[in-house]
Amino acid sequence: MKVSGFNICSEWLEGLKFSTEMAIENAGNDLDYILILWNPSKEVFDYSTKIILNSNIEKIYIETYKTDESLSFIENLRNCFNMGFDKGFEFNEYTCGINTDMAFNKDWLANLVKYADENSIINCRQIEPNPTMHHEVKDFGEIPNGFNMEDFELYANSISKDKLITEKDWQEIRGNYYVRADATPHLIHKSIWEKVGHWNVKIVGDVDWFNRAKAMGFKNMKSLGSIVYHAGAGETKRRMK
């Protein structure tokens, strides 16, 4: 089953190259790839058009986003996520988003798609370098130049499991009732997006959309075989004031 995936970039060419090439190479599933370019630098735009010509992926698309000056950095970023999901669902019934500051273990997408369900949000197993309640914590360095690929792959393969669990299961694994299954990437069906609606750009934090989805009866699940590393704030360091 082919799905859509989108990435957002503005000025961080090195991160875009790293995340795009690794996400595509390790997807393990057919992918229509969408680049949301937010006031892109010339280097980012040139690279994006180049991969359209040279990639072996059947479909790669570019969408451009212009900053809304009435909104903050984070609010504009959420608008880009909304644009990515909207565009993704024009091509396929399932869509997920990724970040430029991420590394992807083998079959990260295939291990989301295998559990695709019109009534469930299928989240990855996300690792971060800094203390966090919801995700596993392990530092594999900064992306791209400081990233320890070998250690990441060894660790990811050692914890990978072909298993889908509930948010309650994840809370038990983490030993905390307040832990959430929310993660990026998460794979959702078009019907979920249509019913829950866009991310609310004015609400602080990323949990509002998931709370609305769960309130409507959608299940928040986690695939223990879809493993990514989120170094954190790659584009934000360059754009946020």
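Trainee: Which strands each supply at least two residues of the lining of the second largest cavity?

Mentor: β1 (3-9) and β2 (31-38) do. Keep in mind that this is a predicted model. The lining consists of Gly5, Phe6, Ala23, Leu31, Tyr33, Ile98 and Trp108. Gly5 and Phe6 fall within 3-9, and Leu31 and Tyr33 fall within 31-38.

Trainee: How many residues of that lining are nonpolar, polar and charged?

Mentor: The lining of the second largest cavity divides into 6 nonpolar, 1 polar and no charged.

Trainee: Which residues line the largest cavity, and how do they divide by class?

Mentor: Its lining is made of Arg78, Trp199, Asn200, Ile203, Gly205, Asp206, Val207, Asp208 and Trp209. By class there are 4 nonpolar, 2 polar and 3 charged residues. Arg78, Asp206 and Asp208 are the charged ones, because Asp and Arg count as charged.

Trainee: Why is the contact between Lys42 and Asp46 called a salt bridge?

Mentor: The cut-off is 4 Å from a side-chain nitrogen of Lys or Arg to a carboxyl oxygen of Asp or Glu. Lys42 and Asp46 meet at 2.6 Å, N to O, so the pair qualifies. The two are 4 residues apart in helix α2, and so about one helical turn separates them. The structure holds 12 salt bridges.

Trainee: Why is Lys42 called exposed, and Asp46 partly exposed?

Mentor: Exposed means over 50% relative accessible area. Lys42 has 60%, so Lys42 counts as exposed. Asp46 has 35%, which lies between the 20% and 50% limits, so Asp46 is partly exposed.

Trainee: What does the salt bridge between Lys87 and Glu63 tie together?

Mentor: The side chains of Lys87 and Glu63 meet at 3.4 Å, N to O. Lys87 lies in helix α3 (residues 73-91) and Glu63 in strand β3, so the pair ties together parts that are 24 residues apart in sequence. Glu63 and Lys87 are also linked with Glu90 in a network of salt bridges.

Trainee: Is Lys87 buried or exposed?

Mentor: Buried means under 20%. Lys87 has 17% relative accessibility, so Lys87 counts as buried. Glu63, at 23%, is partly exposed.

Trainee: How do you know that Glu75 and Lys202 form a salt bridge?

Mentor: Their side chains meet at 3.6 Å, N to O, which is within 4 Å, so the pair qualifies. Glu75 lies in helix α3 and Lys202 in the loop between α7 (190-196) and α8 (208-215), so this pair ties together parts that are 127 residues apart in sequence. Glu75 is buried at 14%, whereas Lys202 is exposed at 52%.

Technical notes
Residues are numbered from 1 along each chain as its sequence is written. This is a predicted model: local features need pLDDT of at least 70, side-chain atom pairs count only at pLDDT 80 or more; totals for chains, interfaces and linings use all residues. Side-chain values use heavy atoms; hydrogens and water are left out. On a 1 Å grid over the protein atoms alone, a cavity is a set of points where a 1.4 Å probe fits but cannot get out, and a pocket is an open set with protein on both sides within 12 Å along at least five of seven lines; lining residues have an atom within 4 Å of a point. Buried means under 20% relative accessible area, exposed over 50%, partly exposed in between (1.4 Å probe, protein chains only).
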